Amino acid sequence: MRKFLAATALSFGLMSGSVFAQSQEDADAKFTAQDWQGAANDYRVLLAEDETNAQNWFRLARALHQLEEFDAAEDAYAAAIEAGFSNPSFARYQLARLKMQQGRERQALELLEQVAQDGGVPGAFIQNTAEFAPLADNSRFQTVVTVLTPCTADEYRHFDFWLGEWDVTGAGATQATASSKISSRQAGCVVLEEYTAGGFTGMSISFYDSVTERWHQSWMSNAGTAVYLEGGLDENGAMVMSDKGMTLNEVTGVVNRTTWSPNDDGSVRQLWEQSSDDGETWIVIFDGTYTTKESDQG
């Protein structure tokens with residue numbers, strides 16, 4: 001196939017050299033403008049000069065795919081992978097789309113299963129691809145989507161007890177002094193906090209890092225106060241995070257520790273403490289209770 005493309009590019013070039021790009025920038029500009037025929041012609045010329053350029057093989061494949069030159073596109077996708085394309089899973093995903101357009105479901109599934117094995121393409125992206133709609137009820141396809149859907153392990157659900165819309169009261173208070181909305185974002189990968197107490201507002205994002213196997217939280221308020229914490233569930237099911245040993249702690253000499261404890265009645269207690277003696281003694285900065293907003297009850 002490579003020799004064919006090179007020969008084709010050379011013959012076209014001899015007939016009308018001015019038709020083709022003389023630079024990588026020209027070819028890429030045509031690709032960006034979705035001039036698929038022009039891009040395909042230009043990438044053929046470039047690949048005749050350097051057949052090791054994996055990016056050009058992939059872009060040639062995409063242009064040919066758009067032109068519905070399926071056999072040539074299939075060969076170009078394979079050449080891109082062989083040449084070391086930076087995201088081979090994405091090339092196989094595109095090739096699986098092509099197979100579906102040809103009515104070759106079995107081969108498409110085999111490619112998608114290889115994508116699931118290697119990673120690199122989100123499950124939701126595959127699930128929402130129009131060409132794969134006929135596979136929606138196929139158990140093999142469903143397994144692919146599940147494997148490629150991030151943030152589904154139990155660890156990612158450890159902080160779900162904090163989700164909701166809350167009235168927040170300080171210790172001993174009888175009326176709501178603040179409100180907080182805690183929501184799940186980014187397909188369950190992020191817990192977003194939006195806190196309001198009069199003119200004071202703040203927000204945080206919390207997430208589980210599968211590499212470090214720890215939860216992290218970054219907080220910022222309109223007072224310019226930043227806090228960075230990490231930790232996880234304790235033996236009682238409470239989420240405990242601290243900045244001990246982290247950069248901010250080393251700069252300020254103050255350790256922050258926050259504990260979120262789910263209560264039997266569905267409320268959540270948040271206890272924020274600080275220590276200036278490396279955890280020997282602690283003072284309470286905030287001790288609040290999150291109760292479901294009355295409008296959400298019943």
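Visitor: Which residue in β6 does H216 stand opposite?

Guide: In this predicted model, strands β5 and β6 pair in the antiparallel sense, over 6 bridges. H216 belongs to β5, where it is the bridge partner of F207. Across in β6, the residue opposite H216 is E230.

Visitor: In which hairpin does G224 take a positive phi, and near what value?

Guide: The hairpin in question is that of β5 and β6, with 4 residues between its strands. Within that hairpin the phi of G224 is positive, near 80 degrees.

Visitor: Is T258 buried or exposed?

Guide: T258 is found in strand β8. Leaving out residues up to four places away in sequence, T258 touches L229, M239, V240, M241, Q270, L271 and W272. Its relative accessibility is 4%, and the limit for burial is under 20%, so T258 counts as buried.

Visitor: Which residues of the largest nonpolar core touch the most other members?

Guide: This core holds 43 residues. Elements that give two or more residues to this core are α2 (24-32), α3 (36-49), α4 (54-66), α5 (70-82), α6 (88-101), α7 (105-118) and α9 (139-147). In soluble globular proteins, nonpolar side chains tend to be buried together. The members that touch the most others are L60, L112, I126, F132 and F141.

Visitor: Which residues is F132 in contact with, once neighbours within four places in sequence are left aside?

Guide: F132 is among the members of the largest nonpolar core that touch the most others. Contact requires heavy atoms within 4.5 Å. With sequence neighbours within four places left aside, F132 is in contact with Y93, A96, R97, M100, L112, I126 and F141.

Visitor: Which residues are the closest to the centre of the largest pocket?

Guide: The largest pocket has a volume of about 260 Å³. Strands that each supply at least two residues of its lining are β3 (190-197), β5 (214-221), β6 (226-233), β8, β9 (268-275) and β10 (283-292). Of the 14 lining residues, the closest to the centre are E193, W219, Q270, W272 and F286.

Visitor: How far apart in space are T149 and I126, C-alpha to C-alpha?

Guide: T149 lies in the loop between α9 and β1, the latter spanning 164-170. T149 is partly exposed, because its relative accessible area of 29% lies between the limits of 20% and 50%. T149 and I126 are 23 residues apart in sequence, and their C-alpha separation in space is 9.8 Å.

Visitor: What relative accessibility does E68 have?

Guide: E68 is placed in the loop between α4 and α5. Although E68 is not a glycine, its phi is positive, about 60 degrees. E68 counts as exposed because it passes the limit of 50%, with a relative accessibility of 56%.

Visitor: What is the relative accessible area of Q186?

Guide: Q186 is found in the loop between β2 (178-185) and β3. Q186 is not a glycine, yet its phi is positive, about 50 degrees. Q186 is exposed, with a relative accessible area of 60%.

Visitor: What percentage of the residues of the protein chain count as buried?

Guide: Among contacts with a separation of 6 or more, residues 24 or more positions apart account for 39%. Burial is counted over the 298 residues of the protein chain, and the share that count as buried is 39%.

Terms used. Residues are numbered from 1 along each chain as its sequence is written. This is a predicted model: local features need pLDDT of at least 70, side-chain atom pairs count only at pLDDT 80 or more; totals for chains, interfaces and linings use all residues. Side-chain values use heavy atoms; hydrogens and water are left out. A nonpolar core is a set of buried Ala, Val, Leu, Ile, Met, Phe, Trp, Tyr and Cys residues joined through side-chain atoms within 4.5 Å. Buried means under 20% relative accessible area, exposed over 50%, partly exposed in between (1.4 Å probe, protein chains only). On a 1 Å grid over the protein atoms alone, a cavity is a set of points where a 1.4 Å probe fits but cannot get out, and a pocket is an open set with protein on both sides within 12 Å along at least five of seven lines; lining residues have an atom within 4 Å of a point. Grid points are joined across faces, edges and corners, and a volume is the space filled by probe spheres set on the points. Two strands pair if DSSP finds at least two bridges between them.
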